[in-house]
Each structure stands twice: as C-alpha cells, then as structure tokens.
Amino acid sequence: MAKVLMVQGTMSNVGKSLITAGLCRIFKQDGYRVAPFKSQNMALNSFITNKGLEMGRAQVMQAEAAGIEPDVRMNPILLKPTNDTGSQVIVNGEVRGTMSAREYFAYKHNLIPDVMEAFEGLAAENDIIVIEGAGSPAEVNLKQEDIVNMGMARMAKAPVLLVGDIDRGGVFAQLIGTVDLLEEDERKMVKGLIINKFRGDKTILDPGIAILEEKAGIPVVGVAPYLHIDVEDEDSLSERLTASDQADLIDIAVVRLPRISNFTDLNVMETIPGVSVRYIRNPQELKNPDMIVIPGSKNTISDLLWMRQNGLEAAILKQAHEGKVVFGICGGFQMLGETLSDPMGIETTGEVRGMGLLPVETVFLNGKTRTRVEGTFHLEGSAFESLGTKGLQAEGYEIHMGQSTLKEGARHLLTVTDVVTGETKEDGAYKENVFGSYIHGIFDGPEIAQTIVRVLAERKGVEMGELGALSYAQYKETQYDLLAAGLREHLDMEKIYEILEEGIEEGL
C-alpha cells in the first residue's frame with residue numbers, strides 16, 4: 001500500500017496545486033511510482049480521459065508531472081459551478097446531477113464510499129500518493145463531514161504539509177491562525193509548514209520563522225520562491241486571465257467570458273516567442289488583434305447575451321466582417337452560429353439569436369458529450385488552409401451540452417475519429433476567416449499553433465523567423481523539471497521524506 005502525503009493551504013490559490021505537482025515530479029525523479037489525488041475539486045476547467053470520463057485539469061497537470069496517464073480516480077468528485085449558488089456534480093467522471101450549495105453540503109457524505117474506492121485503488125497501484133486539499137481546513141462552517149481537507153487526511157491517514165502564501169501578506173497570521181482553528185487531533189496531523197511565493201532575501205524571514213515554529217510547534221520545511229513556471233492552471237483565479245495592454249508582434253485576444261471554461265486551450269500560444277495572448281472583457285480592451293478567440297463557457301447562452309449587452313459582440317462582428325480571424329471553441333463555436341435553442345430549459349428556455357458568423361444551428365438537449373478525438377483538417381479556401389495541406393493531426397477532447405447542425409452549403413472543420421468509440425464523424429465549421437470547433441486542445445498538436453502563427457504573420461506582412469520545433473508536450477516536461485528543481489532547492493526534502501515515512505500516530 002502506498003505511503004501518503006497531503007498538501008493543504010491556508011486559503012485558495014496559495015499554490016497547493018503547484019506544490020503537489022512539484023512533489024509528484026520529485027518523487028518520480030527519485031524512482032517512485034507516484035500519483036496525485038484530490039477528493040473534491042471545484043473548477044470550470046476539466047478534462048476527458050481516454051475512457052470518456054471527466055476530471056479536473058489540476059489533477060491532469062499533476063499526473064503529467066508524475067509521468068502517468070490521467071485517471072478519473074485522481075479526482076472522484078468534480079463540482080462545476082453553473083451559477084453563484086449551484087454546481088453540476090460529477091462523480092467518478094459521470095454527471096450525478098445539479099445541486100445547490102446547500103443540497104450538496106447535505107448530500108456529500110453519501111460520496112465517501114466513492115472517494116475511498118478511488119483513493120484505495122490508486123494506493124494499491126503506487127508507492128506514493130500526494131493528496132491536495134481544497135480551500136482551507138480552517139473554514140469552520142464547512143468542517144462538518146469534511147471530505148477534502150482534514151476529513152480526507154483522517155480517512156487516508158495522511159500527514160499534512162500546510163502551505164501559506166507570503167505574496168498576499170500576513171503569512172505568519174495565515175499559518176498560525178489556521179493551526180489554531182484546528183481541533184487538537186487535526187493539529188497533530190500537521191507535520192510541516194511551507195511558506196510559498198517568497199521574493200527576496202530569506203534571511204530577513206528567519207526571526208519570524210523561529211517565532212512561527214515556536215508558537216505552532218510545527219517545523220517550517222521550506223520557503224519556496226515565487227517560481228515563474230508555466231503549467232496549466234486550475235481555474236479562473238489564474239493570473240494569466242488578467243487583462244494586459246501589451247500586444248506582441250502577433251496579438252491574440254481571448255474573450256474572458258463570465259463563465260469561461262477550459263481556457264487552457266490557448267496556453268500553447270503563449271509558448272511561442274513574439275505572440276501575446278490577452279484576455280479581454282470589453283470593446284476597449286479588444287483593440288486590433290490578429291486573431292479573436294471565443295473560448296468555452298459553462299453557460300453559453302448567458303455569456304453570449306453578456307457579450308451582446310456590453311458591446312463586445314458588435315466589436316467582434318465588425319472586425320470579422322473586415323476579415324479578422326475569429327475562432328470559437330466549444331461554447332464559443334456555438335455562439336458563432338445562427339441560433340441557439342434550449343427547448344428543455346437546460347440553460348434558459350427558448351431560442352436565442354447567435355452571432356451569425358457561421359451557418360450553424362445548436363440545440364441544447366439532455367445528455368452531455370464527453371469523448372476524446374483525433375483527426376485531420378479540411379479548410380479549403382480558408383485563411384488556415386495550410387493546416388489541411390500539411391496534413392497536420394489535431395487531437396483533444398469534447399465536453400459539451402448541445403448538438404450543432406450545419407445548414408446547407410456549410411463546411412466542416414475536421415473529420416475526426418472518436419478515440420472512445422472508434423466512430424468517425426465531422427466536427428466544427430468554417431467560413432473563410434471564421435472557424436469553430438468543439439475540440440478542446442485543438443491547437444496543442446505538433447506544428448498546429450506554429451502554423452497558425454505563421455499564417456497570422458503572413459496576413460499581417462511580418463516575418464516571424466524560425467519558431468522552433470519543440471512540441472507543447474515537450475515544453476510542459478521542461479516546466480515540470482524546472483518546478484521540481486526549484487522545490488528541491490528550497491524545501492527540506494530530507495525532512496519531507498521523513499514525514500512521509502513516519503505517517504501519523506495511531507488513533508488520529
């Protein structure tokens with residue numbers, strides 16, 4: 001049975017996911033079979049496994065760091081917010097239903113057997129499991145029947161490393177306050193403290209660290225610097241979604257929808273020198289990009305109406321009619337069509353006019369498409385025709401409500417094979433400078449992003465030079481190695497291995 005270590009935080013976005021990924025990479029480098037685990041994740045960014053099951057992208061990133069295939073058991077419960085008070089509840093990759101926060105709080109104890117079956121299955125196949133918590137263990141209003149922080153640590157018998165974020169300020173109060181709000185048996189499970197996102201001279205911190213260790217009675221096992229590592233983020237707290245005025249040689253503007261999902265689709269573009277990816281929320285921020293991307297959304301119709309109301313739709317339509325490249329992915333593809341109809345009230349009752357840039361009609365019905373696909377581009381006579389003439393292979397995954405039908409004379413973007421079922425089908429649509437696809441990760445395949453950037457450069461009349469042949473997968477591998485190297489340098493790995501080996505006392 002695997003040894004277990006748990007990473008918890010003083011609040012959301014302190015770096016738990018990154019620390020967990022870094023530890024997974026370190027343990028892998030040291031020769032161990034290691035897997036990540038998070039019993040319950042709340043995020044709009046999700047992923048479809050090769051078995052057609054849905055899980056959070058943070059655990060996919062951590063699985064990549066561990067050098068293993070993403071497995072839905074790594075994230076048995078995924079909550080995807082549908083509004084400010086409710087979420088779609090996904091259990092072991094399958095939709096269980098949509099619940100309000102109060103309904104889920106009363107229901108979640110029923111999911112403990114699912115959580116433990118997933119955890120024990122992974123533990124039987126690996127040497128080490130690194131568990132990530134969620135939010136903070138000191139949220140006293142949520143501690144009853146907790147299944148993601150100290151409740152999970154108890155069930156897994158996992159020693160805990162508690163991470164605080166010094167970049168936000170008040171890290172000593174974060175850590176001491178969290179420890180003080182824990183029950184006595186919970187405090188005994190916290191075996192190490194980590195100060196994360198530090199910038200500057202560590203010796204200045206040393207007096208505070210001595211006081212922290214004395215008051216908490218828990219050793220500080222590392223002061224991790226603010227690492228500039230480029231890995232896929234968990235949710236919209238991501239810093240990359242902050243609007244930027246800086247446009248590079250090739251400028252890509254991505255609409256930051258209120259319910260944006262799977263925004264990692266554009267991460268590959270950020271790795272190309274001379275390319276800027278800006279997330280924009282209004283017509284003023286749009287400016288004059290070389291390509292506009294409308295990404296996925298958890299509420300397609302309401303996000304379309306949001307663009308319509310704030311003027312972004314009109315601004316995008318104007319640029320599209322002037323020949324600007326516009327690309328919609330998943331919900332963004334649906335918005336580009338002529339109509340979006342919701343006869344069953346899945347998002348909103350009735351029919352809504354689309355942006356009218358593609359001859360497509362979308363109908364929302366019960367049932368969710370979840371699958372992985374791979375295939376080839378068509379694109380004859382379009383701005384991106386070279387994707388087809390080069391025979392480049394796209395691959396990725398579909399995860400959407402709604403089915404889209406092309407009207408007479410419309411052309412599909414790709415012919416794809418469903419990796420899960422083996423069936424061949426058509427995907428997406430295009431018309432000259434406007435493109436739409438259901439495939440998340442469509443830009444990630446070898447040479448696809450580079451080819452798109454070259455086309456945009458040619459249309460602009462600029463020379464991009466040699467873009468390099470490093471694949472996105474190879475690029476991510478270098479980032480995981482840099483993450484591991486940074487943590488090895490600043491964490492006391494000898495002490496962490498000791499904590500891992502000793503576990504927690506019997507009876508906790």
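**Close-up views of a predicted protein chain**

**Figure 1. The whole chain, before we zoom in.** The protein chain has 17 helices and 26 strands (helices are DSSP runs of H or I with at least four residues, strands are runs of E with at least two, and both are numbered from the N terminus). The radius of gyration is 23 Å, close to the 23 Å that the globule rule gives for 508 residues, so the chain is as compact as a globular protein of that length. That radius is taken over C-alpha atoms, and the globule rule is 2.2 Å times the number of residues to the power 0.38. The C-alpha atoms fill a box of roughly 70 × 50 × 40 Å along the principal axes. Of the 508 residues, 58% are buried (buried means under 20% relative accessible area, exposed means over 50%, and partly exposed is in between, using a 1.4 Å probe and protein chains only). Keep in mind that this is a predicted model: local features need pLDDT of at least 70, side-chain atom pairs count only at pLDDT 80 or more, and totals for chains, interfaces and linings use all residues. Residues are numbered from 1 along each chain as its sequence is written, and side-chain values use heavy atoms, with hydrogens and water left out.

**Figure 2. Pro76 and its neighbours.** Pro76 sits in the loop between α2 (57–66) and β6 (77–81). Pro76 counts as buried because its relative accessible area is 0%. Not counting residues up to four places away in sequence, Pro76 touches Phe37, Lys38, Ser39, Ile90, Val91, Asn92, Asp114, Val115 and Ala118 (a contact means heavy atoms within 4.5 Å). Pro76 and Val420 are 344 residues apart in sequence, and their C-alpha atoms are 20 Å apart in space.

**Figure 3. Two loop residues with positive phi.** Asn92, one of the residues that Pro76 touches, lies in the loop between β7 (86–91) and β8 (94–100). Asn92 isn't a glycine, yet its phi is positive, at about 50 degrees. With 25% relative accessibility, Asn92 counts as partly exposed. Now look at Lys157, in the loop between α5 (150–156) and β10 (160–165). Lys157 isn't a glycine either, and its phi is near 55 degrees. Lys157 is exposed, with a relative accessible area of 55%.

**Figure 4. Val148, in the loop between β9 (128–132) and α5.** Val148 is buried, with a relative accessible area of 7%. Leaving aside neighbours within four places in sequence, Val148 is in contact with Met6, Ser39, Gln40, Glu132, Gly133 and Ala134. Val148 and Ala158 are 10 residues apart in sequence and 12 Å apart in space, C-alpha to C-alpha.

**Figure 5. Lys298, a buried lysine.** Find Lys298 in the loop between β17 (296–297) and α11 (300–310). Its relative accessibility is 15%, so Lys298 counts as buried. Apart from neighbours within four places in sequence, Lys298 is in contact with Leu44, Lys80, Pro81, Thr82, Gln88, Arg259, Ser261 and Glu347.

**Figure 6. Helix α15 and the glycine just after it.** Helix α15 (residues 448–460) has 13 residues and reaches 19 Å from its first C-alpha to its last, close to the expected 18 Å (the expected span is 1.5 Å times one less than the number of residues). The buried residues in α15 include Ile448, Ala449, Ile452, Val453, Val455 and Leu456. Just after α15, Gly461 takes a positive phi of about 80 degrees.
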